[in-house]
Amino acid sequence: MAALSGKFLVGVYDDDEVILHAIPKIRKEGVKIKEVYTPFPIHGLDHALGHPRTKIGIAAFLFGLTGCACALTLMIWTMGYDWPMIIGGKDFVSFPAFIPITFEATVLFTAFGMAFTFFISNGLKPDPYPQLFDKRATDNKFIMAIDLKKNKLSEEEIIRVLRDNGAEEVNLKQF
Amino acid sequence: MQVTSPVRFPLVTGSKTYADITEDICHHVESKPSREWKIAFGISLLVLAYGTYCLAWTWWEGLGVWGLNKTIGWAWDITNFVWWVGIGHAGTLISAILLLFRQKWRTSINRAAEAMTIFAVICAASFILMHMGRPWLAYWALPLPNAFGSLWVNFNSPLVWDVFAISTYFSVSLLFWYIGMIPDLATIRDRATNKVSRFFYGAFSLGWSGSAKTWARYEYVSLILAGLSTPLVLSVHTIVSMDFATSVIPGWHTTIFPPYFVAGAIFSGFAMVQNLMLITRVVYKLEDYITIDHIETMNKIITLTGSIVGIAYITEFFIAWYGGVEYESYAFINRMGGPYWWAYWAMMTCNVISPQLFWSRRLRRSVTFTFFISVVVNIGMWFERFVIIVTSLHRDYLPSSWTMFSPTMYDIGDYIFSFGLFFTLFLLFSKYLPVVNMAEVKGVLRSSSEKLPEKIGGVAKERQTVV
């Protein structure tokens, strides 16, 4: 993820229900919310913020398909063409016996492919000193970040809107 | 907001705020190791050291140091392997299957149960390496063309399926456990006061910020991983059971093995979760998170799976008679009344009778009794594997080959090794990582707390505006 820079207003909320209900009202007043940071997932939050639905499922499916194809190709090629052997009088390509490994490879590719897609798309990488708006976002507070550059409203105006909509604190953060 | 029926038991007692949860879990990670922990860790290391000595000698001298003979070629090694893999099923069951079933009570036990799964699978894998005798050639089990031409592994063999199943299960479980832990590692990072923990927890939390977008994807990833892990966990023990079921040994060659092994795995896994959680709960004072109701729910699963296992034993017996195959019925009559009758009846008593005691509400809500039964169940499940493996082998087709198995100190020592390894890893986990999934417990706090505090967002602080 691109490094943050500039001036931000940081609204601190005490209660997950308050912030969830505040978001539509704040957006209605014309304030553009950059992002909300919470200690646990709140259902409906991404929808309230207008984030598009994640497409990671499509990636997962494609990785699964790759795993499935790789396993089948390897087994059919080795057992059927590269070095065929008669085992228990069965066909060289005895498909039912290939099902377990095909399944395992599908799961393996999907899980790791999806996990790394998740890490990359969210910019998650070993970084001991990430840029955070408020450290309490991983403890008990719900943090709303507003990029002043991207908002037409004045700083005072935004502070008033946040305050009116249940923010406990409004801080200024500069990177 | 979600509404929870009043008949559901509260998952968190004691009127906690979000900050309380962070504090209750994190202070164990942040404080210096206690004396009890150091003693327990010291004992584990000693056990591990003795086990390592036995294992080193096993590898140096060869598998001849074990009590195996020409009739019984598999004994404690595979018994221990199946036992550990079975134990390793509960963690993923709790975190994956119970997630799909929306069982919220899993939130406070899933982290430790998954850790247990991973360590148990490591122990199981160590027996695979051990019974190979020449562990430096373990890569022969992988599909690599060998030096003499392109002879490949036999993909029709359940032993090769097992290589794929166990390694996939281990790596996917590890991934699931790690992804679930990232938010909690970030919590520890943001509370860290010294540079070392700031650096390490910071690095492993991958710069987690808790943004709404990340959480949405995180939940989606968790859901798909759970969906994948559910058939995976069932496939692993199915494939383990096929190591036996696809052979033509009477007593092994039965189609009931896959479901029966899976039920047995969940049964023993939950028993081990109970053992570990009952101790962790007292030592870490987690009674508000792991309540008697949690213990009771797990006991119900133990009774259910124990009953499935019991029915499987009886069905197997019935089919051995009804099938009319002489060898098959002899194998089963020999199990029950042959020279290994004591192992068979130990298995029957521990696995079939003991979990039925949990029909009594008073007993299944008793911590001491639960702990006792969990130990009994684990002993019983070890005997189950011993009975299946050794009693099926020890009467060969040729009566002149009939033998008994007696373990040597290296059979026992290698088993001790796995205990040393398991408890060393679990103690390290319980000290340096959060034992309860804080983010998930916070997520269910509002709907499932016994009594909500006045301000759920924590200690009220002075309002301040810095402009």
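Modeller: In helix 4 of chain B, the buried positions are B:Ala90, B:Gly91, B:Thr92, B:Leu93, B:Ile94, B:Ser95, B:Ala96, B:Leu98 and B:Leu99. A residue is buried if 20 or more other C-beta atoms lie within 10 Å of its own, exposed if 12 or fewer, and partly exposed in between, with C-beta atoms placed from the backbone. The model is predicted, and local features need pLDDT of at least 70, side-chain atom pairs count only at pLDDT 80 or more, while totals for chains, interfaces and linings use all residues. Residues are numbered from 1 along each chain as its sequence is written, and chains are lettered from A and ligands numbered from 1 in the order in which they are written.

Helix 4 spans residues 90–100 of chain B and is mostly covered, with nine of its eleven residues buried. Helices (H or I, at least four residues) and strands (E, at least two) are DSSP runs, numbered from the N terminus. The cover over the buried residues of helix 4 of chain B includes helix 3 (76–87), helix 5 (110–132), helix 6 (158–191), helix 8 (212–245) and helix 9 of chain B. After helix 4 of chain B comes B:Arg102, with a positive phi near 55°.

Two of these covering helices, helix 5 and helix 6 of chain B, pack at an angle of about 155° with axes 10 Å apart; axes are lines fitted to C-alpha atoms, for helices over the stretch in contact, and angles run from 0 to 180 degrees between N-to-C directions. Helix 5 of chain B is therefore roughly antiparallel to helix 6 of chain B (under 35 degrees is roughly parallel, over 145 roughly antiparallel, 65 to 115 roughly perpendicular and the rest oblique). Their crossing is left-handed, meaning that the near helix is turned anticlockwise from the far one by less than a right angle, clockwise being right-handed. Helix 5 of chain B contributes residues including B:Ile118 and B:Val121, and helix 6 of chain B residues including B:Phe170 and B:Trp177; contact requires C-beta atoms, placed from the backbone, within 7 Å. The contact residues divide into ten nonpolar, two polar and one charged, where Ala, Val, Leu, Ile, Met, Phe, Trp, Tyr, Cys and Pro count as nonpolar, Asp, Glu, Lys and Arg as charged, and the others, Gly among them, as polar.

Helix 9 (residues 257–283) of chain B also meets helix 14 (residues 367–394) of chain B, their axes coming within 8 Å and crossing at roughly 140°. Helix 9 of chain B is therefore oblique to helix 14 of chain B.

Notes. Contact = placed C-beta atoms within 7 Å.
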